[in-house]
Amino acid sequence: MYAGRITYLKGIIDLIKIAKETNVKIMLAGSFDNHKEMERLFSKFPPNLVYLGSFMNNELYKIISNSKVTLLPSYKESFSLITMESLALDTPVIAYNLPAINEIYGDIKAVIKIPVGNYKLMAKTLESLMEKDIRELFDPKVEELIKFYSSWEKVAEATLHELENVKKLASTPS
């Protein structure tokens, strides 16, 4: 499943490509910023990519907990709340290996990192996870991570740290 804002930077085009690479049913939950663009994109959806609509947290948590995998083909993330929520609901995540994903979830087996833009590998990884017992991905490190980030203060600190890293990179002469 995919949950979140449905935009180009969040990977909607890659999600469509992933769905075309596999027969796995992919559920899509979230909201579009532009309804004309939404209609145009819907026409490109293969039959196994199903748009569910936009949901409030409790409804979304039920969908995530009933999903085998959360997909995050995003090109832009800071602290990925959907990744943390998925882990808390015992749902592994396949994500592009963005700096923030690597920093926060680097040693977490339940977050499988894929090179950015490699939607074919994401599709293959999705297919292989559908065959596996995903419980083996959830070791004590997942619970430790969830406990560590269990307050908004911790999330804010992690986000601030990421922003400081970006600032350093932006101010470094080329």
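**Before you select**

This is a predicted model, in which local features need pLDDT of at least 70, side-chain atom pairs count only at pLDDT 80 or more, and totals for chains, interfaces and linings use all residues. Residues are numbered from 1 along each chain as its sequence is written, and side-chain values use heavy atoms, with hydrogens and water left out.

**Stop 1: the sheet**

Strands (E, at least two residues) and helices (H or I, at least four) are DSSP runs, numbered from the N terminus. Show L71: I94 in β5 stands opposite.

The three strands form an open sheet, ordered β4-β5-β6, with parallel pairing. β4 (70–72) and β6 (111–114) are the edges; each has a single partner strand, so one side of each lacks a neighbour in the sheet. From one strand to the next, the twist averages 15°. Axes are lines fitted to C-alpha atoms, for helices over the stretch in contact, and angles run from 0 to 180 degrees between N-to-C directions.

**Stop 2: the helix across it**

Select 119–131. This is helix α6, lying across β4, β5 and β6 and running at about 170° to β5. Contact means heavy atoms within 4.5 Å.

**Stop 3: G4**

Go to the loop between β1 (2–3) and α1 (12–21), where G4 lies. Leaving aside neighbours within four places in sequence, G4 contacts A29, G30 and S31. Last, pick the C-alpha atoms of G4 and T91: 87 residues apart along the chain, they are separated by 16 Å.

Technical notes
Pairing = 2+ DSSP bridges.
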